Amino acid sequence: MRRAIVLATALLFAAGVPAQDAPGAALFKTVKEKVGADKPFSLLVTAKVKDGMADKMIAAAATVAAATLKEKGCKQYDFFRSTEEPNTFYLIEKWDDLPALEAHFKTDHLLAFVGQFGDLLDGAPKLVVATPLTAAK
């Protein structure tokens, strides 16, 4: 289990960051540099799952989303499945600020979700940090 978490963390968040840094360190640094620690932002994640793993991804996504939406500072945590490429999934996350995201990375439900990545994902996910242009009502 620990190996899967380490592998998933490396795939998602540790590119260019020393191994001793905490999970999410590279992402946190990017958000702080590009957005600031106290401003709202979104994360747009694209992930491809291995053949035959879509149903497991759907179940895992439902579990982590339900728990994450209860977290302070999380405004959106929605998964989508491509109609063009059924093994491709998207996640749109909206956070009030960087401390909310940092707290998210310490939750059991996120760690459990990330722990499944070694079995589920076909390559590293792509992650984009974005700032809002318009506010949803």
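1. A word on terms before we start: helices, of at least four residues, and strands, of at least two, are DSSP runs numbered from the N terminus. On that basis, the protein chain has 6 helices and 4 strands. Please keep in mind that this is a predicted model.

2. Here is the overall layout. Read from the N terminus, the elements follow the order α-α-β-α-β-β-α-α-α-β. The protein chain has 137 residues, and 38% of them are buried. Among contacts with a separation of 6 or more, 71% join residues 24 or more positions apart. The accessible surface is about 8300 Å², with 57% of that belonging to carbon and sulfur atoms.

3. Glu71 is buried and yet has no salt bridge. Lys70 is the nearest side chain of opposite charge, and it lies 10 Å away.

4. What does the side chain of Glu71 make a polar contact with? The partner is the side chain of His104, at 2.8 Å. Setting aside neighbours within four places in sequence, Glu71 is in contact with Trp95, Ala100, His104, Thr107 and His109.

5. Thr107, one of those contacts of Glu71, deserves a look of its own. You will find Thr107 in the loop between helix H4 (98-104) and helix H5 (108-114). Its relative accessible area is 15%, so Thr107 falls under the 20% limit for a buried residue. The side chain of Thr107 reaches two backbone atoms: the oxygen of His104 at 2.8 Å, and the nitrogen of Leu110 at 3.3 Å.

6. Now to the aromatic rings: the structure holds 4 aromatic pairs. In one of them, the ring centres of Tyr77 and Phe79 are 5.8 Å apart and the planes stand at 75°, so this pair is edge-to-face. Tyr77 is buried at 2% relative accessibility, whereas Phe79, at 22%, counts as partly exposed.

7. Another pair is formed by Phe113 and Phe117, with ring centres 4.9 Å apart and planes at 80°; because an angle over 60 degrees counts as edge-to-face, that label applies here. Phe113 is buried, with a relative accessible area of 5%, and Phe117 is buried too, at 6% relative accessibility.

Note on methods:
Residues numbered from 1 in each chain as written. Predicted model: local features only at pLDDT ≥ 70, side-chain atom pairs only at ≥ 80, totals over all residues. Heavy atoms only, no water. Buried < 20%, exposed > 50% of the residue type's maximum accessible area, 1.4 Å probe, protein only. Polar contact = N/O pair within 3.5 Å; in protein donor to acceptor, adjacent residues only side chain to side chain. Lys, Arg positive; Asp, Glu negative; His and termini not counted. Salt bridge = Lys/Arg side-chain N within 4 Å of Asp/Glu carboxyl O. Contact = heavy atoms within 4.5 Å. Areas by Shrake-Rupley, 256 points an atom, 1.4 Å probe, with all protein chains shown as cover. Phe/Tyr/Trp six-rings, centres within 6.5 Å; stacked < 30°, edge-to-face > 60°.
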